[in-house]
Amino acid sequence: MHQSQSSLKQESMNEDIIETGYIPRDPQKEIHKAVKENRWTVAVAHRRMGKTVAAINQLIHSSLQCEKKSPQFAYISPTYGQAKRIAWQYLVDYTRPLGGSANVSELRVDFMGRRISLYGADNPDALRGIYLDGVVVDEYGDVNPQLFTEVLRPALSDRLGWALFIGTPKGNNHFQTLRDFANDDANEGWALREFKASETGLIAQAELDDAKKAMGDNKYEQEFEVSFDSPIIGSYYGEIIKDLSAKNHIRDIESEAATAKWTAWDLGMSDSTSIWVCETIGGEIRVMDYYENNGQSLDHYISWLDEKKYRDYIHILPHDVMVRELGTGKSRHELLTDAGLNIEVARKMPVDDGIQLVRARLPNTWFKNISTVNKGLDCLRNYRRVYNEKLSVYQERPLHDWSSHAADAFRYLMIGLDTQVNTRTDWNKPIDSAYKQQYL
């Protein structure tokens, strides 16, 4: 990948040299070298480093070097719209010298018997069933981590394809987990490359100083110094969860016979269903488990309850569980009650009020330090307001993405538990004034 010519030149299978016009910067060269030497690469890059340009050219180069039949590669953004807006023109421009044939409606380019396609992580079904020789996942912190484990990893298996994960930090989430995994020498085949603006020299120091003044320390450290310590900008719960971690609220917890035991559900139809499991005692909320799946019937979740011995818990469901389905003529409340579950319906509450209730009760919540709960915590950290790119402001409504189902189920949990104040006086404890001042 590191030719000495003044521009990067892609070599086809017959050793012809074709110039695409790509001139890689030094950090981009480091990414290309890492992908060449490792099957799995994580690149944490500051803004304006050129990671998307590097990613598209890596896909082009790898496709030309691939000797398998009908090579197929993919670039994935958090949404289909982002893929089109951010990467499409680069793909068209850099494949034009290769005789690329662009299909705008399907966001793919075919050239020399090869194919590169753009996808959005918001439509994982578009990726199911295909094979891949290589894939780039851009802004991995905004992508559901299940996309790789459940969809992309199988697509890469039979062709022994590679993956490049790129992005800028957005708080302590699954991107940091992946970064730490790649940085562990014990994980063979993985490589980590990190690029801070203070070290790459790509942005003038005067510009960085001015950006820091305008953005503030936390935002600047995240965007330009690739720090994972700052909460996700616009996150409803990120700052509080960071506090909980510092106060050892995420730790080993044993189930106790004396506790009240609950689950809370967000019921999806065509998308995900999420279930939180918790125990309460003396005003404490102890989150013990989390489960999420999609495309499954109610019987699947009932079987999961039986397997985990949660059937006899009190199950909090959203108010729309009472709606009758056209196919059966029964509501899901009736179906679950007929299955023997003890159902409580969370009272209807505006989303904003529910979010404030969660923020009020989170400081008195503990989370069991297990993989399932940590996955749910990732969702809560990522649950954030919609960002209006045109106005550069956050709107007062939540973004609906992969983290929403877990956040909705958690909101129903708190609403359901809050309903118990009339019969369980230990719940009616005052909210800590310091937390009220800081978060509410």
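Analyst: Two strands pair if DSSP finds at least two bridges between them. Helices (H or I, at least four residues) and strands (E, at least two) are DSSP runs, numbered from the N terminus. The model is predicted: local features need pLDDT of at least 70, side-chain atom pairs count only at pLDDT 80 or more, and totals for chains, interfaces and linings use all residues. Residues are numbered from 1 along each chain as its sequence is written, and side-chain values use heavy atoms, with hydrogens and water left out.

User: Which residue of S10 is the bridge partner of Ala-45?

Analyst: Strand S3 covers residues 40-45 and pairs with S10 in the parallel sense, over six bridges. Within S10, the bridge partner of Ala-45 is Phe-195.

User: Is Asn-172 buried, partly exposed or exposed?

Analyst: Asn-172 is found in the loop between strand S9 (162-167) and helix H6 (174-182). Buried means under 20% relative accessible area, exposed over 50%, and partly exposed in between (1.4 Å probe, protein chains only). Because its relative accessible area is 38%, Asn-172 is partly exposed.

User: What distance separates the C-alpha atoms of Asn-172 and Phe-228?

Analyst: Leaving aside residues up to four places away in sequence, Asn-172 touches Phe-228, Ser-230, Asp-378 and Arg-381. Asn-172 and Phe-228 are 56 residues apart along the chain, yet their C-alpha atoms are separated by 5.4 Å.

User: What arc do the buried residues of helix H10 cover around the axis?

Analyst: In H10 (residues 238-246), the buried residues are Gly-238, Ile-240, Ile-241 and Leu-244. They lie on the same side of H10, because around the axis they cover an arc (that of the directions from the helix axis to the C-beta atoms) of only 160°.

User: Which residue with a positive phi follows H10?

Analyst: The phi of this residue is near 65°. The residue that follows H10 is Asn-248.

Technical notes
Contact = heavy atoms within 4.5 Å.
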